[in-house]
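Q: I would like to learn how to read the features of a model such as this one. Please take me through them in turn.

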Amino acid sequence: MSFSPFLNQSLLFMILVLLISYYLLKSKLKTQTDLPETLPDLLLNAFITGVLVWKLTPLLSQPELLWTKPLDLLFLQPSGVYIGIAALASALYLIIGLKRKRTAYLCLLDTLIVGITLVFLLQSLFFWEYGKETQLPWGISLADPAIRYHPIHYYQFLVALIGSIWFGWKGRAVIGSGEAFAFLSMLWGFGLFIISFFAQPTVIYFGLDLTQIGATLLIILGYLCSSFLRKTAS
């Protein structure tokens, strides 16, 4: 589903995550003076860098577009691989800009994972995603009402709801401690891994599909962050 050729679902999702993260960073700067004041702008620049890389990566496989159909770059929807390249470019921009400042890293990670959770909470209500066929009563139908499918968006909503309730209980004071990233990463990791068994399978690598690989990485990242926080606290 697209709102316009320039604002597809993926881009809208990223913009909303950016806005929430930007707001959380701005509010955190008012109470935590050791954070660099340029942190929100650094996040904004990293986002712009990622979007530009995302939109221009099709040139890697179709360089002729630059001189034959340059305007088509605005309308192309790059694949998941290109999104990964764009995310890596944004991450490198942040790593260079932050210059190993640990508190800023934790603050960014917390705000981004909270932003993703809150946006998923809304997106799951408006963008439907169909999984495998099911006979369960909460299954949803397409053209044939006799055939039901797992409502993957509702399952994602439940995970996002748990994360949002946790964040509401902890409050914005948790931002910058790394606790939000540790907990929500593991929550999303386990949640998405379970959901993947009801979703339509994607490309399989080493016996796992892309969702399961991403979920496993989230679990590992969350666990490593939690272990790091425990070590620094002791």
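Q: What is the accessible surface of the chain, and what share belongs to carbon and sulfur atoms?
A: Accessible areas come from the Shrake-Rupley method with a 1.4 Å probe; for residues, only the protein chains shown count as cover. Here the chain has about 13,600 Å² of accessible surface, 71% of it from carbon and sulfur atoms. The model is predicted: local features need pLDDT of at least 70, side-chain atom pairs count only at pLDDT 80 or more, and totals for chains, interfaces and linings use all residues. Residues are numbered from 1 along each chain as its sequence is written, and side-chain values use heavy atoms, with hydrogens and water left out.

Q: How many helices and strands does the chain have?
A: Helices (H or I, at least four residues) and strands (E, at least two) are DSSP runs, numbered from the N terminus. The chain has nine helices and seven strands.

Q: In which order do the strands of the open sheet lie?
A: Strands of a sheet pair through backbone hydrogen bonds, either parallel or antiparallel. Two strands count as paired if DSSP finds at least two bridges between them. Here the order is β3-β5-β4, with antiparallel pairing. The edge strands, β3 (130-134) and β4 (140-141), each pair on one side only.

Q: Which residues have the most contacts inside the largest nonpolar core?
A: Such a core is a set of buried (under 20% relative accessible area, 1.4 Å probe, protein chains only) Ala, Val, Leu, Ile, Met, Phe, Trp, Tyr and Cys residues joined through side-chain atoms within 4.5 Å. The largest has 47 residues, and Leu39, Leu108, Val114, Phe167 and Trp188 have the most contacts inside it. Helix α6 supplies the largest share, nine residues.

Technical notes: Buried < 20%, exposed > 50% of the residue type's maximum accessible area, 1.4 Å probe, protein only.
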